[in-house]
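These are my notebook entries on a structure that I am opening for a new reader. Each entry records what I looked up and what I found.

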Amino acid sequence: MIHVLAAQNPGELSAGLKTVGAGIVYGGAAIGPGIGIGIVVGNAISAMSRQPETAGMVRTTMFLGIALTEALALFGFVLSFLLKG
Amino acid sequence: MTLLALEFPPVSRLIEWKPILLRGTPFAVNKVVLLMWAAMIIVLGLFFVVGRSAKLVPTGAQNLVESIVDFVTDQVILQTMGPEGLFWTPFLVAMFTFVFICNIFEVIPLIQMPVNARMALPAFMALIVWIIYNSIGLREQGFVGYMRSTLGLDLGVPLGILVILLPIEFVSNILIRPFSLAVRLFANMLAGHLILATFAVLTAALFSATYIGAVLPGSLLAILFGFEVFVSALQAYIFTILTAVYIGLAMHPEH
């Protein structure tokens, strides 16, 4: 494996490693927000089913929570493009 | 970039457009700028025309405009800022409509370029929001009061924790807020644009190779178009509601 890698063009190897790094960055950045959005939406659903009359307010707050949580995943998404380019 | 034996265009080819007017000057105009102007003209024209000929019983376009204003008033302002926030209705309605029209260009055939998939417009709008909420906070609470409420000095935390809390609150409230506001809109639109382009390339390649193979990605592409309409509206709503929340926090600090 090492010999195969060493025989390759070093620029190609570095471009490949950049792509792998971008993939790892996005994959890692998506874990936490995925769990977080799950918690936010799950709790919003249980709040809505307990008190359906407050569903409007809960929905507004839920979208806010999703937006704030999702930002971290999107930072990773943008960073992966910055790493590749 | 070749992936799964398909030729995917690089990202730069999907979002960078050649200048059309004023080539070679710093003020070169390309498709994105033209779309931004078009969105501005649509928003101004819609509200101006309807506002000039407003009738007691709304018809046609006036129905649409009134429902937009009602939506922003009921769902955004009254939920986050209370009745005092109604002063900001024109600003937030204009911002919601402008962001939505800029986003919806993503799914309109033959245009298919969300203006917000370039960082310039979201960054500029976030800068405007940053200036507005900071100046409101400074005006309503004074410099000391605004810094106290923004940096969490009024929460009554012990001194040892305050040393950690102060830099975190400063960075998150003053520096990260406008950045995340801009990046959220930009990255959502860019991701949607890339997904649509990916599935369009896949559908076209499978259609030219095996006609029947294009059914699955093609139908998924149609579903994704509908999803992107939803995302466009949702991101416009989130951009507006976060603006309202930031202005509301600057007017009335949390206790």
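**Entry 1. The interface.** I began with the boundary between the two chains, in what is a predicted model. Across the interface of chain B and chain A, the rule finds zero salt bridges. I then asked how many residues take part: 21 residues of chain B are in contact with 14 residues of chain A. The size of an interface is often given as the accessible area lost when the parts come together. For chain B and chain A I noted a buried area of about 1,500 Å², and carbon and sulfur atoms give 80% of that area.

**Entry 2. Salt bridges elsewhere.** Side chains of opposite charge can pair when their charged atoms come close. How many salt bridges does a search of the whole structure find? I recorded one over all chains. A salt bridge joins B:E140 and B:R139, whose closest N and O atoms are 3.4 Å apart. I looked up the accessibility of both partners. B:E140 counts as partly exposed because its relative accessibility is 43%. B:R139 counts as exposed, since its value is 63% and the cut-off for exposed is over 50%.

**Entry 3. Chain B as a whole.** I listed seven helices and two strands in chain B. Along the sequence their order is β-β-α-α-α-α-α-α-α. The C-alpha trace of chain B spans about 70 × 55 × 40 Å along its principal axes. Chain B has 255 residues, and 42% of them count as buried. I also checked the contacts in chain B with a separation of 6 or more; residues 24 or more positions apart account for 66% of these.

**Entry 4. Surface and charge of chain B.** I noted that chain B exposes about 13,800 Å². For charge, I recorded 11 positive and 12 negative side chains in chain B. The centres of these two sets lie 13 Å apart.

**Entry 5. The loop between α1 and α2.** I looked up two residues here. B:L22 is placed in the loop between α1 (11-15) and α2 (31-52) of chain B. The phi angle of B:L22 is near 55°, a positive value in a residue other than glycine. Is B:L22 buried or exposed? B:L22 counts as exposed because its relative accessibility is 53%.

B:V29 lies in the loop between α1 and α2 as well. B:V29 counts as buried, since its relative accessibility is 5% and the cut-off for buried is under 20%. Which residues does B:V29 touch, leaving out those up to four places away in sequence? I found B:P19, B:I20, B:L21, B:L34 and B:W37. B:V29 and B:P19 are ten residues apart in sequence, and their C-alpha atoms are 5.3 Å apart in space.

**Entry 6. Another positive phi.** B:Q112 is found in the loop between α4 (89-104) and α5 (120-151) of chain B. Its phi is near 45°, again a positive value in a residue other than glycine. With a relative accessible area of 33%, B:Q112 is partly exposed.

**Entry 7. A glutamine in helix α3.** My last entry concerns B:Q62, which lies in helix α3 (residues 61-80) of chain B. I classed B:Q62 as buried because its relative accessible area is 6%. Setting aside neighbours within four places in sequence, I found B:Q62 in contact with B:V50, B:S53, B:A54 and B:K55.

How values were computed: Residues are numbered from 1 along each chain as its sequence is written. Chains are lettered from A and ligands numbered from 1 in the order in which they are written. Side-chain values use heavy atoms; hydrogens and water are left out. Helices (H or I, at least four residues) and strands (E, at least two) are DSSP runs, numbered from the N terminus. Buried means under 20% relative accessible area, exposed over 50%, partly exposed in between (1.4 Å probe, protein chains only). Contact means heavy atoms within 4.5 Å. Accessible areas come from the Shrake-Rupley method with a 1.4 Å probe; for residues, only the protein chains shown count as cover. Lys and Arg count as positive and Asp and Glu as negative; His and the chain ends are not counted. The place of a charge is taken as NZ of Lys, CZ of Arg, CG of Asp or CD of Glu. Buried area is the accessible area (1.4 Å probe) that two parts lose on being put together, summed over both. A salt bridge is a side-chain nitrogen of Lys or Arg within 4 Å of a carboxyl oxygen of Asp or Glu.
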